Amino acid sequence: MTRLRSAASRARSVASRARSAASRAVLALALTLAACAGQAAAPSPPLAVGAVAWPPSAGLGPVRAVADDGRRVALFHDGAAAVFVDGALDRVERAPHRWIGAAALPAPDGRGAWIVGVDAEGRLLRLPDQGAFEPVADRYGLERAPVRAALGLGAGGAAFALDGEIAVADGATVTRYATGPLATIAAGGGRVAFAPGGDGLLALDVATGALRSYPLPGGPAPLLAVTGAGRLLAATPAALYEEDAAGVLRLRLRARAALHGLAVSGDRVWFADGDELGVLDAAGARWTRGARLPRGAKLIGSPSGDVWLLASGALRRLAAGDGRAGAHGAAPAWDDIAPVVARACAPCHLPRGEGGVDLSTRAAWTTPSLRESIARRVVEERTMPPPGHALSEADRARIRAFVERMRPAEPR
């Protein structure tokens, strides 16, 4: 394993830099937001959301945290954690901890992902595939520092919120940045975004060490999220802002009530707006009608594109329709599932692809034996797509419906 070298001596005070940079950029941001105020997403059809069936955690009590790496899901309860693999309960591991957070992190040596939990005492513990929890703070070079949150950076490593500091572990070094108290933090795509006390927020590029300041209107600490591509999103109660290619936060949508939840799930951004749930993706922004979200609900992203909704210890998994013909109950056509195939299957199943079978055309799916094999492996056995090519429950349902639609056309 690569030995981690502590670089705490290189710590820098970013909180003071944030205040000075924010004061210089407030006017520029105000002009930018005013210029793009009319560019918010146009009204679109309501968002259709369905509950994904999920087995219970063997009566372990309220859920405190969730870690989801696409294939494995760990639900953390006081005193225990339930591990699910491909949607089926695999095991329950008991441990005397009160959990406050969880995450799927790149392993320190870069070999796979670790499921970790953060407990109320600031301990970072790994839940291995087999066996009991094990402390791993030292494996990330954190020594005795209490950990308050753990976040994955993608291939760039992991980030940790400490008391008045952020620690970034890239597999070779650990660098600490003095921040002062943090109001909120998010990470992804090799970047860490955080809001220190006061107005404004910052984003740190882990590879270059570059620090960018993004002032926002005053008020409560913004909700933050970072996509897998490293794009920053920030939400105040009144509006959601998205970073453009030039690194400028631009108004993306105005709240219909008040924004109070934000999560990145694959290529979707989920948000909670008053009593409704919303999605921001390539199709634009859509809201549910009559969702009646519980007060204080927390949104937790999933690589599959689904979202976890955690409220008062009760957990639900929700999947979104994409606005196409098959999303609201009608049997989907090839045009409805072609984007799913392109996203989840094409890396291996193009002509002359390494999978050996071309699934990129409608004609391939009209072959009964091949189509039934797809249905069995994707929908029933869930052995496809392989790890690293997540498929949401809504997409699996769309494939199932397409297969059912094609079956009557078969000769008998």
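Strands are DSSP runs of E, at least two residues long, numbered from the N terminus. Two strands pair if DSSP finds at least two bridges between them. This is a predicted model: local features need pLDDT of at least 70, side-chain atom pairs count only at pLDDT 80 or more, and totals for chains, interfaces and linings use all residues. Residues are numbered from 1 along each chain as its sequence is written, and side-chain values use heavy atoms, without hydrogens and water.

- Strands β23 (residues 259-265) and β24 (residues 268-273) run antiparallel, joined by six bridges.
- V264 has V269 of β24 as its bridge partner.
- Two residues lie between the strands, and G266 takes a positive phi near 60°.
- Five of the seven residues of β23 are buried, so the strand is largely enclosed by the rest of the structure. Buried means under 20% relative accessible area (1.4 Å probe, protein chains only).

**Nonpolar cores**
- A nonpolar core is a set of buried Ala, Val, Leu, Ile, Met, Phe, Trp, Tyr and Cys residues joined through side-chain atoms within 4.5 Å.
- The largest has 20 residues; L105, L124, Y140, L142, A150 and F160 touch the most other members.
- β7 (99-106), β8 (113-119), β12 (158-161) and β13 (165-169) each give two or more residues to this core. β8 gives the most, with three.
- Another core, of 17 residues, lies apart from it; A344, V378, V379 and I399 are among its members.

**Confidence**
- Mean pLDDT (the predictor's confidence in each residue, from 0 to 100) is 81 for the chain, and 82% of residues reach 70 or more.
- Residues 1-12 stay under 50.
- Residues 14-42 are also below 50.

How values were computed: Buried < 20%, exposed > 50% of the residue type's maximum accessible area, 1.4 Å probe, protein only. Helix = DSSP H or I, 4+ residues; strand = E, 2+ residues; numbered from the N terminus. Contact = heavy atoms within 4.5 Å.
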